[in-house]
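Good morning, and thank you for coming.

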Amino acid sequence: MSETEGEEGQLGENLDRLNENLKKMEELSKRMVAAISAREPGDAGLQGPGQDLYLKAGAAYMHDMLNNPAKLMEQQVQFWGQTLTHFMEAQQELAKGHLAAPEDHTPDDRRFSNPMWKTHPYFNFIKQQYLISSAAIEEAVHELDGLDAKDKQRVEFFSKQIIDLFSPTNYLATNPDALERAVETEGQSLVDGLENLVRDIESHHGEVLPTLADPNAFKVGENIGTAEGSVVFRNRMMELIQYAPTTEKVHKTPLVIFPPWINKFYIMDLKEQNSLIRWIVDQGYTLFVVSWKNPDASYADVGMETYVEEGYLEAIRVAKEITGEKQVNTIGYCIAGTTLSLTLALLKKRGDKSIKSATFFTMLSDFSEQGEFTVFLDDDFVDAIERQVADEGILDSYYMSKTFSFLRANDLVYGPAVRSYMMGEAPPAFDLLYWNGDSTNLPGRMAVEYLRGLCQGNAMAQGGYQMLGETLELSDVTVPICAIACETDHIAAWKDSFRGVTQMGSKDKTFILSESGHIAGIVNPPSKKKYGHYTNPEVKGTAEAWQEAASYNEGSWWPRWEAWLKKRSGAQIAARIPGESGYDVLAPAPGTYVLERTSD
């Protein structure tokens with residue numbers, strides 16, 4: 001066979017493969033249309049801001065245009081000038097016969113890491129024009145007068161969402177990585193990507209939300225969440241896990257951890273090397289951890305007081321009975337920390353001294369400012385949640401996952417979508433992202449009470465939160481407390497956390513500021529020597545003043561906190577074995593509730 005015949009044969013095979021892939025894409029497209037058509041129409045209030053925000057923004061822009069036209073004209077002329085200069089520079093290079101991009105001084109952006117964004121005239125022109133347009137929109141919104149601070153924050157946030165959506169990296173025709181991959185694979189990457197897209201749409205009942213981690217790579221209790229322990233108590237709200245000791249001696253006072261019920265507790269036990277649960281047990285503590293029930297519609301009437309009575313108070317009662325102690329130490333993480341502060345105030349009102357000390361992880365108790373989450377706490381969004389839970393009984397986990405994802409849209413939405421849908425890559429086997437996707441529903445009544453009473457009403461910091469016949473205030477929290485906040489936390493901003501802690505009535509207060517964010521700042525084992533932390537014994541005044549006077553410490557905050565806890569945990573006694581104190585072992589850790597998925 002001649003060389004020409006061989007080339008023609010290879011070309012024919014490639015063409016057949018391409019036609020076969022195009023046929024698969026047509027079949028997948030039909031599946032996608034069917035999946036999208038099956039989508040149930042959702043409440044418009046859960047899809048974006050209410051019309052009043054658009055009206056306010058429009059009115060503010062018209063006010064500026066009438067009262068300060070020079071400012072708007074200056075912004076527009078600046079945009080025109082940058083755009084025209086950019087176009088002329090590109091034209092000049094082409095006129096010289098250079099098939100190359102003009103000099104590029106744009107800042108580094110990992111979305112544009114492919115060298116072609118700098119060297120190829122087509123992609124470089126698109127990138128630079130996108131960045132020029134993005135900057136112009138951001139400046140125009142930032143300079144907009146006539147909006148109060150909260151509305152302006154929302155306009156800036158949703159404008160940024162639009163800017164991120166229209167990044168050229170999000171579209172096949174303007175993404176060199178995706179185009180190169182499609183050519184290399186004769187279109188197979190696009191077929192694989194479409195299969196990934198159809199799978200996600202079908203699994204999310206017509207909605208598009210990228211799968212962040214390989215759903216088959218992990219199994220809770222087998223390769224994550226494997227710390228040895230036993231479920232020693234169960235009711236409709238939670239399972240209580242007592243972990244097996246790893247030391248001959250333990251401190252007398254047991255420790256009870258209350259994780260958030262927005263996610264599952266095994267974030268503190270992903271792997272052996274970064275397991276906070278294992279580390280605490282290894283330091284010589286009798287550790288109990290609550291594993292919350294993943295509620296369905298039958299939990300519609302469960303409120304905040306149910307979590308306190310059937311969750312917190314029951315877990316404390318059982319831990320005391322099992323250990324024979326009169327008091328326990330406690331930890332509350334995120335929303336569970338907020339609810340722990342309510343529990344502490346309630347016990348103070350009742351004269352109950354069951355809790356010896358409390359540790360808070362990334363906890364908010366004063367919601368007068370709510371950081372980046374503010375954009376989702378206006379009436380338009382909360383009204384829509386109230387309508388949704390009235391109809392379905394629960395706040396479906398999908399809405400919470402979507403909300404948290406869009407707070408970091410490029411990292412948790414668009415980036416994964418590009419890799420999955422345009423590059424055809426399978427989701428990675430990443431335990432943290434697997435946990436992130438293993439989300440939970442919220443009882444309807446509890447969700448509304450939390451959003452209305454605590455987030456919007458800020459009742460505990462301003463006037464008192466009404467629960468179980470008592471008015472509960474931050475000043476009622478009087479036990480020794482240690483609060484750990486995280487420097488780049490976008491869910492519970494550390495300055496907001498600090499403000500709440502300063503209002504608590506405790507005379508014994510410790511505040512630690514960890515580097516990194518909501519998860520990595522907490523799950524930060526000493527062995528990694530990755531993130532440091534700040535300390536300042538004077539827990540008062542403003543967060544800015546506290547930070548300015550704080551000392552930086554290398555490494556994890558875990559040992560510093562454990563030294564604090566040790567002083568409040570009593571003498572050493574023989575280690576306690578689960579099942580030996582009158583409470584039978586009901587199941588091995590991690591229990592049964594944690595295995596329940598929202599798709600079950």
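A cavity is found on a 1 Å grid over the protein atoms alone, as a set of points where a 1.4 Å probe fits but cannot get out, and its lining residues have an atom within 4 Å of a point. Grid points are joined across faces, edges and corners, and a volume is the space filled by probe spheres set on the points.

This is a predicted model, in which local features need pLDDT of at least 70, side-chain atom pairs count only at pLDDT 80 or more, and totals for chains, interfaces and linings use all residues. Residues are numbered from 1 along each chain as its sequence is written, and side-chain values use heavy atoms, with hydrogens and water left out.

How many cavities of 30 Å³ or more are there by this rule? There are two. The second largest cavity holds about 90 Å³ of space. Its lining consists of 15 residues, and Asn 263, Lys 264, Ser 291, Trp 292 and Thr 440 are the closest to its centre. For classes, Ala, Val, Leu, Ile, Met, Phe, Trp, Tyr, Cys and Pro count as nonpolar, Asp, Glu, Lys and Arg as charged, and the others, Gly among them, as polar. This lining has nine nonpolar, four polar and two charged residues.

The largest cavity has a volume of about 320 Å³. Among its 26 lining residues, Ile 262, Phe 373, Phe 404, Tyr 450 and Cys 455 lie nearest the centre. Two or more lining residues come from each of α11 (335-350), α12 (379-392), α13 (397-406) and α16 (444-456); helices here are DSSP runs (H or I, at least four residues), numbered from the N terminus. The largest share, five residues, belongs to α16. By class, the lining has 22 nonpolar, four polar and no charged residues.

Let us turn to the helix pairs. Axes are lines fitted to C-alpha atoms, for helices over the stretch in contact, and angles run from 0 to 180 degrees between N-to-C directions. The axes of α12 and α16 are 9 Å apart, at an angle of about 160°. That makes the two helices α12 and α16 roughly antiparallel, a word for angles over 145 degrees.

For α13 and α14 (residues 409-422), the angle is about 105° and the axes are 6 Å apart. That makes α13 roughly perpendicular to α14, the word for 65 to 115 degrees. Phe 404, Ser 405 and Phe 406 of α13 make the contact with Ala 409, Leu 412, Val 413 and Tyr 414 of α14, where contact means heavy atoms within 4.5 Å.

Notes: 1 Å grid on protein atoms, 1.4 Å probe; cavity = no way out; pocket = protein on both sides within 12 Å on 5 of 7 lines; lining within 4 Å. Parallel < 35°, antiparallel > 145°, perpendicular 65-115°, else oblique.
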